[in-house]
Amino acid sequence: MQLTVLGANGTYPTTGRPASGYLVSDGETNLWMDAGPGTYLALCNELDPMEIDGVFISHRHPDHCSDIFALYHAVAYGPGREGRIPVICPDGLAEALAEFLQHPAALDTTFEFITAGDGDSFRLGSMDVSTVRTNHPPPTLAPRVSVGDRSVTYTADTGPSDAVAAHAAGSNLLLAEATMTGRRGPGSYPHHMTGAEAGSMAATAGVGLLVLTHIPAHEDPDRILAEAESEFDGRVALAVPGARLTV
């Protein structure tokens, strides 16, 4: 498997740095995980979007899903694609997207929405995808994608979570959000992680490689990296747009 970082900014994109979006491929199946703003064009640099076999959307916040509309228009009005694209997503997301378009049936002509929940598993081409709920509102799912004995787990947006750590146990690669720096205090937002918390999750899960993502443009990524390394003795890297990581 290969994980390609399409975008990794937390909350909002900046020039040359799209928001959350990743491509997982194994030579047979292409899965687009999260579709934050700017990631559709980054996806186009990697492959013809008509070659996408499925999409995973972790939750309805715009920095994780808004570019699904670009794919919708490309497939609905462009040439070269037959059949609907499976979209795995949490409860209520398909309805929220349709409501935005004010055309409930439009997306169903292009996408086959598959509602996932805590503890669900799906087969997508050559990939097995399992999901757990994260510590983040609205309903948010963390996927684990496996091909044979290789796996990558993506935390999506989450605060500290024993459930997500257990879900990631033994993964070859953990793609973990690390939105905040410094020590957690009583007033800290509970539904995102610090760099140290991402490192602690990787240590608990016993993963091979920790890749830090969802770092906002106004935070210092080197500081977050150092905080993660203080808690995890394994390899740690920053998610950088265009990076291709072998799983």
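Thr 11 sits in the loop between strand 1 and strand 2. This is a predicted model. In it, the phi angle of Thr 11 is positive, at about 80°, although Thr 11 is not a glycine. Thr 11 has a relative accessibility of 48% and therefore counts as partly exposed, since that class lies between the 20% limit for buried and the 50% limit for exposed.

Ser 20 is also found in the loop between strand 1 (2–7) and strand 2. Its relative accessible area is 0%, so Ser 20 is buried. Once neighbours within four places in sequence are left aside, the contacts of Ser 20 include Gly 7, Asn 9, Asp 34, Ala 35, Gly 36 and Thr 39. Ser 20 is also in contact with Asp 63, His 64, Tyr 154 and His 214.

## Two further loops

Ala 156 likewise has a positive phi, of about 55°, although it is not a glycine. The residue lies in the loop between strand 10 (150–154) and helix 5 (162–167). With a relative accessible area of 1%, Ala 156 is buried, because buried means under 20%.

The peptide bond that leads from Pro 137 to Pro 138 is cis, and its omega is near -10°. Pro 138 has its place in the loop between strand 8 (127–133) and strand 9 (141–147).

## A negative patch on the surface

Where does negative charge gather on the surface? Glu 28, Asp 48, Glu 51 and Asp 53 form a patch of negative charge there. Glu 28 lies in the loop between strand 2 (21–25) and strand 3 (30–35). Its relative accessible area is 59%, so Glu 28 is exposed.

Asp 53 is itself named in the negative patch. Glu 28 and Pro 221 are 193 residues apart along the chain, and a distance of 34 Å separates their C-alpha atoms.

## Salt bridges

How many salt bridges does the model hold? The count comes to four, with a salt bridge taken as a side-chain nitrogen of Lys or Arg within 4 Å of a carboxyl oxygen of Asp or Glu. Side chains of opposite charge can pair when their charged atoms come close.

One of the salt bridges joins the side chains of Arg 244 and Glu 46, at 2.9 Å from N to O. Arg 244 lies in strand 14 (residues 244–246) and Glu 46 in the loop between helix 1 (39–44) and strand 4 (54–56), so this pair ties together parts that are 198 residues apart in sequence. Arg 244 is partly exposed, with a relative accessible area of 48%. Glu 46 is partly exposed as well, with a relative accessible area of 26%.

Arg 123 counts as exposed because its relative accessibility is 54%. Asp 128 is partly exposed, with a relative accessible area of 36%.

Glu 227 forms a salt bridge with Arg 223, and their closest N and O atoms are 3.3 Å apart. Both residues belong to helix 7 (residues 221–229), and because they are four residues apart they are separated by about one helical turn. Is Glu 227 buried or exposed? At 15% relative accessibility, Glu 227 counts as buried.

## Ala 205 in helix 6

Ala 205 is part of helix 6 (residues 195–205). Its relative accessibility is 5%, so Ala 205 counts as buried. Which residues does Ala 205 touch, not counting residues up to four places away in sequence? They are Ala 165, Ala 168, Ala 169 and Gly 170.

Ala 205 can also be placed relative to Leu 174. The two are 31 residues apart along the chain, and their C-alpha atoms are separated by 8.9 Å.

Note on methods. Residues are numbered from 1 along each chain as its sequence is written. This is a predicted model: local features need pLDDT of at least 70, side-chain atom pairs count only at pLDDT 80 or more; totals for chains, interfaces and linings use all residues. Side-chain values use heavy atoms; hydrogens and water are left out. Patches are made of residues with over 30% relative accessible area and no salt bridge: like charges are joined within 9 Å, nonpolar side chains (Val, Leu, Ile, Met, Phe, Trp, Tyr) within 5 Å. Accessible areas come from the Shrake-Rupley method with a 1.4 Å probe; for residues, only the protein chains shown count as cover. Lys and Arg count as positive and Asp and Glu as negative; His and the chain ends are not counted. The place of a charge is taken as NZ of Lys, CZ of Arg, CG of Asp or CD of Glu. Helices (H or I, at least four residues) and strands (E, at least two) are DSSP runs, numbered from the N terminus. Buried means under 20% relative accessible area, exposed over 50%, partly exposed in between (1.4 Å probe, protein chains only). Contact means heavy atoms within 4.5 Å.
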